Amino acid sequence: MKRIVIIASVLVTALVSCARINSERPASEIMFQVARHSVATKADPADYKDAYQEVPFGTYAWYKALNEQDNAPYIINKKVAYIESTNTWMTVGTTYYWPYTGALDFISYSPYSEDGVAAPAPVITENSISWSTPWNVDAHQNADVMYADKVVGINGNVNTFNHGYEGVPTLFRHALARLAFRLRTGFTSRTAGGETTRWEIDINSMTLNDIFTTGTLTLNLAEDGSWAKPESNAWTPETEATSRPLDVSAVTTLTEEMQNAGGSFFVLPQTLENQRLTLTATIRTYRDTGEGEQLVITEENVECYAPLKTDKIDTWGINQFITYIITVNPVSDDETEFILFDPAVEGWDEKVVETMILL
């Protein structure tokens, strides 16, 4: 492989919600309206239910009384799930009601974890969310770790996102990063001097090397009410770097049309330094001199690699979806990569032989 082209795309959107405080109101059940940032629209939040209907989330709430000394925790790490029969999101096992006076603040996270056994649950206070127990992305590859914007001073179910149900406006953001790889070749043949060379490239394997898969993260509440991410926009690695093979079983012989190298997947947000992509391929070279095409060379398990850090991206950031487009060329476009010759003539090794001829 002579050239690998890498393109990264990132999407991050934001929405802030608020509600006023009423002094008195009739008792009603606390429900949730849940949303997540939408990659498709880049503006309006997508309905959490569209992709996460079967993924309950956890929530905390704090009661804010008219007199500050009466403030108290109200909900502590309760599961919230979708109830299809009523088209509502509600706490499971216990029904909570809106207080008559004062208001509630909410912090939610996803996916829900009751005791941290199935997956580490974050430690949540009124001003912080912390995955202090290291999170292993490979061990929980299907878990989309998310945290919601803090909801402050709300006293009733509202309809903010227009998704067909009312409740606490709960807008989730992704805490991990997500990667995807797409493959193609820049060309499959070249013709010169009336002869054509054609190549077939099959990808045997792709591996991410020297990546971090386990780490911790703490988010602190900023003055504007948003969650302040680390300056690096990455988690803190807690184990040594390792390798992760990618699924290329469905990748066919490369053409100029792009194809996916498996599906997208979650990775630990991390600063890029020595991380690289290693690729092995089989390259078959065909020649046609005018009498039909013939296979002339088969190169098995040709190995090459490319750094994952580029001038376009130096971090797999929190809440970023990054797509690498890999172009694998059998030879370089540069004419200097053609087979050239440097002819020279070795000097004669002269010898003088003296002999006698008898007559």
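**Figure 1. Contacts across the whole chain.** Among contacts in the protein chain (heavy atoms within 4.5 Å) between residues at least 6 apart in sequence, 74% join residues at least 24 apart. The structure is a predicted model, in which local features need pLDDT of at least 70 and side-chain atom pairs count only at pLDDT 80 or more, while totals for chains, interfaces and linings use all residues. Residues are numbered from 1 along each chain as its sequence is written, and side-chain values use heavy atoms, with hydrogens and water left out. Of its 359 residues, 44% count as buried; buried means under 20% relative accessible area, exposed over 50%, and partly exposed in between (1.4 Å probe, protein chains only). The accessible surface of the chain comes to about 19700 Å², of which 49% belongs to carbon and sulfur atoms. Accessible areas come from the Shrake-Rupley method with a 1.4 Å probe, and for residues only the protein chains shown count as cover.

Figure 2. Strand β2 spans residues 46-47 and includes Asp-47. With a relative accessible area of 7%, Asp-47 is buried. A polar atom of the Asp-47 side chain lies 3.0 Å from the backbone nitrogen of Lys-49. A polar contact is a pair of N or O atoms within 3.5 Å; within protein, one must be able to donate a hydrogen and the other to accept it, and residues adjacent in sequence count only if both atoms are side-chain atoms. Not counting residues up to four places away in sequence, Asp-47 touches Val-34, Arg-36, His-163 and Tyr-165.

Figure 3. Asn-77 belongs to strand β4, residues 72-83, and is buried at a relative accessible area of 15%. Its side chain has a polar atom 3.2 Å from the backbone oxygen of Ser-113. Beyond its neighbours within four places in sequence, the contacts of Asn-77 include Gly-58, Thr-59 and Tyr-60, together with Tyr-109, Tyr-112, Ser-113 and Glu-114.

**Figure 4. Salt bridge between Glu-195 and Arg-287.** The whole structure holds ten salt bridges, each defined as a side-chain nitrogen of Lys or Arg within 4 Å of a carboxyl oxygen of Asp or Glu. In the bridge of Glu-195 with Arg-287, the closest N and O atoms are 2.4 Å apart. This pair links distant parts of the chain, 92 residues apart: Glu-195 in strand β14 (residues 195-211) and Arg-287 in strand β22 (residues 276-288). Glu-195 is partly exposed at 28% relative accessible area, and Arg-287 is partly exposed at 29%.

Figure 5. Glu-273 and Lys-309 meet through their side chains in a salt bridge of 3.8 Å, N to O. The pair links distant parts of the chain, 36 residues apart, with Glu-273 in the loop between β21 (270-271) and β22, and Lys-309 in the loop between β23 (293-307) and β24 (315-316). Lys-309 is partly exposed, with a relative accessible area of 34%. Salt bridges that share partners join Arg-198, Glu-200, Asp-202, Arg-284 and Glu-293 into one network. Within this network, Arg-198 forms a salt bridge with Glu-200, the closest N and O atoms being 3.2 Å apart. Arg-198 counts as partly exposed at 24% relative accessibility, whereas Glu-200 counts as buried at 19%.

Definitions and conventions: Helices (H or I, at least four residues) and strands (E, at least two) are DSSP runs, numbered from the N terminus.
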